[in-house]
Amino acid sequence: MNSNNTTLHVSQLFRLMMLFELGSALVFPLNSDAKEAAWISTLLGMLLGLVLFTVVCYILKDHPYQPFTVVLESLIGKVLGKTLAFLYTLFFIYQATRQFNDFALLMNVSIFEETPLLIIHLMMVLAISYVLSLGIVALARTGEIFYLVMFVMIVLASLFIMVSGVLDVHRLMPILGDGVSSILQSFPKALNFPFSEVIAFAMFTPYLKRSDSLLRTGIVSLMISGGVLTWITVLNISVLGVDIVSQSFFPFLMSIGEVNISDFIQRLDAIAVMMLIIGVFFKASIFYLAAVIAVSHLFKMSDYKKILLIVGTTIFLSALIVSPNSSHHLQEGLVSDQWLIYLPFEITIPVILAMGIWIYKKLA
């Protein structure tokens with residue numbers, strides 16, 4: 001079905017999923033509401049993410065090589081299906097917009113303090129649009145390179161932090177000082193960011209060499225990325241303590257900034273910045289491409305580069321309007337969007353669809 005220049009191999013899909021899952025989650029505070037138990041919340045979020053991804057793949061099972069928005073029309077009818085497909089298109093565009101704002105926020109506070117946000121957003125959208133204009137395989141091959149770079153930086157950052165003597169494992173105690181209530185309080189965020197966001201890959205089924213590879217690859221990538229994010233959470237708490245982690249926009253940036261080995265190896269903030277640039281680039285690219293695929297099927301458009309231009313312009317303009325400042329951006333993403341956007345599109349709708357399919361098959 002797929003030509004060689006538009007087919008993703010399993011290894012390429014795996015690397016893209018890994019970069020997507022790590023994304024901005026590497027440097028943002030994860031589940032800080034759980035305090036010392038934040039790493040447990042991250043693990044639980046990963047486990048529930050595995051369940052949710054299995055649910056999504058169950059929905060796609062009987063519709064091989066069809067993107068999720070097209071499957072919606074097959075399952076619930078043309079009118080309701082197209083309506084949901086349009087809403088999912090807006091959802092992918094919004095998610096890409098948030099990634100642009102994540103990138104602009106860190107760049108603005110760490111490197112480009114005097115640079116207007118418009119310029120930062122423009123650089124990002126032009127870079128991503130160029131790569132996507134070359135096709136999904138070009139993105140995947142780029143991912144093969146930066147996947148290695150990302151993990152080298154994670155390993156180096158971890159080693160530098162451990163060797164520098166700034167770790168204090170006692171900051172992880174007491175693990176359940178507030179009981180399980182703190183874990184339950186952080187549960188919605190633990191599942192959403194970043195594990196339930198992997199639903200974007202349900203749009204990539206037309207590009208898979210084998211339709212059943214998505215489930216296996218997704219499970220492995222979720223487990224590994226969950227382990228990495230749990231480790232980073234442990235490092236942040238051990239270096240900074242829960243109070244500083246919960247109040248910081250970018251705790252990993254602060255953690256690696258504490259490294260000072262013999263007054264020679266220090267000022268390693270650039271590692272954290274590079275990790276965010278790579279992660280956000282690929283995460284924004286995946287959401288951007290998911291929106292492009294959705295638009296092409298929804299409006300029966302075949303001019304790929306024209307769709308790229310339309311979707312890219314929409315994302316660029318949205319990034320300038322949505323979240324006018326950092327506090328609004330974080331409040332919106334970590335609180336209000338949990339219930340208004342993420343819960344319905346990433347959890348509720350897929351679960352209801354899967355239950356409906358299962359009941360229909362039992363009664364048929």
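This is a predicted model: local features need pLDDT of at least 70, side-chain atom pairs count only at pLDDT 80 or more; totals for chains, interfaces and linings use all residues.

Colleague: Start with α6. How many residues does it have, and how far does it reach?

Modeller: Helix α6 covers residues 136-163, which is 28 residues. From first C-alpha to last it reaches 40 Å, close to the 40 Å expected at 1.5 Å a residue.

Colleague: Where does α6 bend?

Modeller: At I145, by about 25°.

Colleague: And what follows the helix?

Modeller: G165 follows α6, and its phi is positive, near 80°.

Colleague: Switching topic. How do α5 and α11 cross?

Modeller: Their axes come within 10 Å and cross at roughly 65°. The crossing is right-handed. On the α5 side, the contact is made by M124, A127, I128, S129, V131 and L132. On the α11 side, the residues are V280, F281, A284, S285, Y288 and L289.

Colleague: Now the core. Which residues have the most contacts inside the largest one?

Modeller: L26, F68, Y88, F92, F201, F204 and V311. That nonpolar core has 115 residues.

Colleague: Which helix gives the most to this core?

Modeller: α11, with 20 residues.

Colleague: What does V311 touch?

Modeller: Leaving out residues up to four places away in sequence, V311 touches I93, Y288, A291, V292 and V295. There is also a second, separate core of 5 residues. A38, L172, V234 and V242 are among its members.

Colleague: Back to F204. Where is it?

Modeller: F204 lies in the loop between α7 (181-192) and α8.

Colleague: Is F204 buried or exposed, and why?

Modeller: F204 counts as buried because its relative accessibility is 0%, and the cut-off for buried is under 20%. In soluble globular proteins, nonpolar side chains tend to be buried together.

Colleague: What does F204 touch?

Modeller: I136, I286, L289, A290 and I293, again not counting residues up to four places away in sequence. F204 and I286 are 82 residues apart along the chain, and their C-alpha atoms are separated by 9.3 Å.

Definitions and conventions: Residues are numbered from 1 along each chain as its sequence is written. Side-chain values use heavy atoms; hydrogens and water are left out. Helices (H or I, at least four residues) and strands (E, at least two) are DSSP runs, numbered from the N terminus. The expected span of a helix is 1.5 Å times one less than its number of residues. The bend at a residue is the angle between axes fitted to the seven residues ending there and the seven starting there. A nonpolar core is a set of buried Ala, Val, Leu, Ile, Met, Phe, Trp, Tyr and Cys residues joined through side-chain atoms within 4.5 Å. Buried means under 20% relative accessible area, exposed over 50%, partly exposed in between (1.4 Å probe, protein chains only). Contact means heavy atoms within 4.5 Å. Axes are lines fitted to C-alpha atoms, for helices over the stretch in contact, and angles run from 0 to 180 degrees between N-to-C directions. A crossing is left-handed if the near helix is turned anticlockwise from the far one by less than a right angle, and right-handed if clockwise.
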